[in-house]
Amino acid sequence: MSADRRQSRVAPTRASGRQTMVNHIGGGRGGSGGDGHTNGTGGAGGHGMGPSLSFDISVGHLTMHNNVHGNDEYVPGGPNRQNAIGGDPLHDSHSGPLIHQNIHQYRDRGIDTLHRSVALEAIHDSMDSFPQPKCHPETRTKMLRDLRGWVLDTDSPTNILWLYGPAGAGKSAIMQTLATQLPEHGSLGVCFFFKRGHATRGNARTLFTTLAYQLALNVEWLRDPINQVVEQKPSIIAQSMATQMQELISKPCRSDGTRGTVAILIDGLDECEGHDIQVEIVSVISIAVSSRYPPPLKFIVASRPEPHIREAFNSRFPLGTYRLFNVEQSFEDVRKYLSDEFVRIHREHDTMARVPSPWPSEDVLKKLVQKSSGYFIYASTIIKFVDDKSYRPTERLAVVENPKGSCTESALATLDQLYMTILSSAPRQSQLIPILSAIVHLHLTAGEIDLFFALEHGETQLVLRGLHSVLNVPQDNKDKILSHHASFVDFLKDPDRSGNFGVGTLKNQIALAQSLLQFYAAPFQRNEIQFLSRFIRFIVSLPPSDAVVELAPLIGSVNPEYIFHPETYLYNRKSMAPWLEKSPSAPLRCDQRAYVGELPSMISWLKNMRSPSADVIELWKDYAFMLSMDTMRYGGADPSVQQMVSLSPPADVMAVWEDYAFMLSIDTMRYGGADPSVQHMVSLSPELLQILISIALLRCRLSELPTKLDLTWTELRTTLCSLRPKPAGNERILPVHPPHAASPWAARDLALQLIRKIVQNHIDTNEGVNPSASRDAVLLYNRLLTAANLEEVYIISQYLLGIHISYLVRLSPPCPVLYRELWHIPPLVMWSSPPSGHELIHHVSKWLESFPDSGMELITFWQQAVPDHDRYRINTWNLDPDVGERNWRDRVENYNNMVVKLHLPDSLKFLS
Ligand SMILES: Nc1ncnc2c1ncn2[C@@H]1O[C@H](COP(=O)(O)OP(=O)(O)OP(=O)(O)O)[C@@H](O)[C@H]1O
């Protein structure tokens, strides 16, 4: 045959008994074919080089249609498809071109044309996908029944169904099994199974022609209409997907709508090349099924839950017009599969003859089912590994059970390959590792990751878009991101399996801890307070090592506002509540643990931490010095340089955290926690007394004190921790005679301070117009996580100050200075807020009674000073004097109890 391109064609005739041969001869030379096998499986074809020949032979009413293509591409000689011959020795002598033979009716010239643009490998039962994933008997039965029911239901309100599930959930197995079952249940179905990276199945070039081709061959009444379309317009096979859908499928199907519904199954949409093409496919289908006269078709599209596909469905189909079908976990199905397969392996392997059945034990089976997370990929990987005829199944199973064994890699190789492919194709790899690390080690939500890593809102969602097939990433940012399979977390944690994606290394964990510690060392933010306890548990799980010592300075600078925020330890308490209920005998012990949160574990962890060697400190000092030299040109030392120079050795950090634990135990005495052990003191500084009054009588939390008392956290810590027992030999020398009435004067000073504060807030906020100027309002806003805005909280913060002032005044000795100062409280603040106004009137009146020359005048004068007195008196907030007094006595008693518990002198008590 000449190498020149030539073509000859003999037109077929319809006359019976007449033979027609149609030849198409193309130039070029075919490559050598592979070895043929008797079972029809051919070897690999060679590079096409020769001419191509295409000839139709009509015999009787049949036409034999052969195409011989020579081209310059690698052509697989086998495995064979139906009616195709690959690697035939005869064709090998033609330098191995691939030959398709189709036997069909002579009249189907349109279908012949279509045939040239078909990916036969993509259809159900194709040899190309051997062995096809399919459902093990009696698994996925309910899902399959539901799907069949939906397809067969002619009254169903929806005609497209999105079947989604994580990687390896078993979607393809369900689709393949469904494709087999539908004809058995009297329905017709056509399929396209995408396969990532495959020459024909990996893209959508032949999707609609392949579907149309199967419709023409499988559905008798569609054969002619489809044939005609292509015959009249052969160029259709090269037109857009939308046109092909419309002309090749929708229109022919509508040509006679009375013939019943046909199912179109498209599997692995996410495996089709190009996100835009995947979205386009959904779009093309949506146009077809939402048209005024939709074709009698039911579409099932299966894919991983990739966000762009989800969005495509959501945007193309109004709510309720498509059906969502989640391939959920099924532990029961996986169990059935595993136990049947182990029975088979036991039966088929010679080496198992002496192994008693049942094998493996119930325990082992249970563990494997658990490990699978109810999805098939893990189970089928294990079965493939154990079922290797070159090994003893018992040994292989032992490798699976003991993941530290040397062959683990091969045991989970398929699974690891799957995870590697998914991770490698995810965008923004550099940001991926820290985020995965946070998910694996700290179980965070997307919102929390944004916050802790200082990312823009929604950024984590974007980074994880490529990983929805392995991770469940809730849309709302508020729920935890979880792995679909437990095996994915195991994979990520094991650096031998996950390589560069591994998050289990100490280095990675330290980097994660650093990021979060930086967040907690920064100024207080209202979110994520409760999380601190969990985070401390993570830190203390890190093994002490030189590397971990680097965390010490950051641990030393955690903002105490987080540590002492009630949510931090109350959250802990809540999480223990169920346990408390069950063990009434030990509530106190449990409470104590809960109240001090995770501080003791942090302290003992710090104690175990190896100190950085002198060398390390010197090295860092050198670095700092070099850096300061370098930054001199910019006009001075960088603050971070200072920080590095004073790199805290853990001993200092530990002392700080020990103080925190002590402070917290004082703060939580109110809940019935154990009395903190204190050193014996008979004299207290006025500052310490004010702190104790604030805690026990005003019932302020420790976290409020820096703002309320205008102290820094260090001042608060130093003052309060003067009560802490000191190491032996360091006992304080204590004065024997306490200063007279120290407590009332401390209360007086505090009252004066708070009156000035209430006035100052009023001025600073421009009478409440700009509430953020009040530190008290901001503090309360941070505490009341349910508060909606600062305006609302400002008013509350002012009247709380008012109430505190009223108690402090009542505790004070008679004092004209204080009386005068009371008149400075802006009426607008006090009297417009009934509770505090009322308390002020009540307690100040009581205080005035203690004046040696009080008489009623002063009291009446004070009471009459209240503006709009009558309105105020009838207000529902009116304080019942009895209740008010009881409340007062409770508070005084609370304070006095604390004096006892802390072993302070009785002279510090108040009279109620
Ligand atoms: N019901 C089942 N019975 C037996 N084996 C199953 C079943 N479902 C799935 N498998 C096996 O589990 C593995 C993964 O299944 P399959 O390929 O169907 O998952 P998939 O959800 O389509 O995964 P991907 O998203 O990666 O394409 C395959 O080896 C398959 O044969």
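Visitor: In which sense do β7 and strand β8 (residues 262-267) pair?

Guide: Let's start with the words: helices (H or I, at least four residues) and strands (E, at least two) are DSSP runs, numbered from the N terminus. Two strands pair if DSSP finds at least two bridges between them. Between β7 and β8 there are six bridges, and the sense of the pairing is parallel.

Visitor: What kind of model is this, and from which number are residues counted?

Guide: This is a predicted model, in which local features need pLDDT of at least 70 and side-chain atom pairs count only at pLDDT 80 or more, while totals for chains, interfaces and linings use all residues. Along each chain, as its sequence is written, residues are numbered from 1.

Visitor: Which residue of β8 is the bridge partner of C191?

Guide: In general, strands of a sheet pair through backbone hydrogen bonds, either parallel or antiparallel. For C191, the bridge partner in β8 is L265.

Visitor: Which are the edge strands of the open sheet?

Guide: Five strands form the open sheet, in the order β7-β8-β9-β6-β10, with parallel pairing. An edge strand here pairs on one side only, and that picks out β7 (188-193) and β10 (323-326).

Visitor: By how much are neighbouring strands of this sheet turned against each other on average?

Guide: Angles are taken between N-to-C directions and run from 0 to 180 degrees, using axes that are lines fitted to C-alpha atoms, for helices over the stretch in contact. For neighbouring strands of this sheet the direction is ignored, and the average turn is 20°.

Visitor: Which helix lies across β7 and β8?

Guide: Look at residues 207-218, a helix running at about 155° to β7. The helix that lies across both strands is α5.

Visitor: What is the handedness of the crossing of α6 and α7?

Guide: Helix α6 (residues 220-232) and helix α7 (residues 241-254) pack with their axes 9 Å apart, at an angle of about 140°. Angles under 35 degrees count as roughly parallel, over 145 as roughly antiparallel, 65 to 115 as roughly perpendicular and the rest as oblique, so α6 and α7 are oblique to each other. A crossing is left-handed if the near helix is turned anticlockwise from the far one by less than a right angle, and right-handed if clockwise. The crossing of α6 and α7 is right-handed.

Visitor: Which residues come nearest to the ligand?

Guide: A residue is near a molecule or strand if its C-beta atom, placed from the backbone, lies within 6 Å of it. The shell around the ligand has eight nonpolar, nine polar and four charged residues, and α4 (171-184), α10 (331-348) and α12 (376-386) each supply at least two of its residues. Of the 21 residues around the ligand, those that come nearest are P133, H136, G170, A173 and F376.

Visitor: How is α36 placed against α37: roughly perpendicular or roughly parallel?

Guide: Helix α36 (residues 775-783) packs on helix α37 (residues 790-811) with axes 8 Å apart, at an angle of about 110°. The placement of α36 against α37 is therefore roughly perpendicular.

Visitor: Where is P360 found?

Guide: The peptide bond from W359 to P360 is cis, with omega near -5°. Another cis peptide bond joins S357 and P358, with omega about 0°. P360 is found in the loop between α10 and α11.

Visitor: Where is the place of E767?

Guide: Phi of E767 is near 60°, a positive value in a residue other than glycine. The place of E767 is in the loop between α35 (742-764) and α36.

Note on methods: Two residues are in contact if their C-beta atoms, placed from the backbone, lie within 7 Å. Ala, Val, Leu, Ile, Met, Phe, Trp, Tyr, Cys and Pro count as nonpolar, Asp, Glu, Lys and Arg as charged, and the others, Gly among them, as polar.
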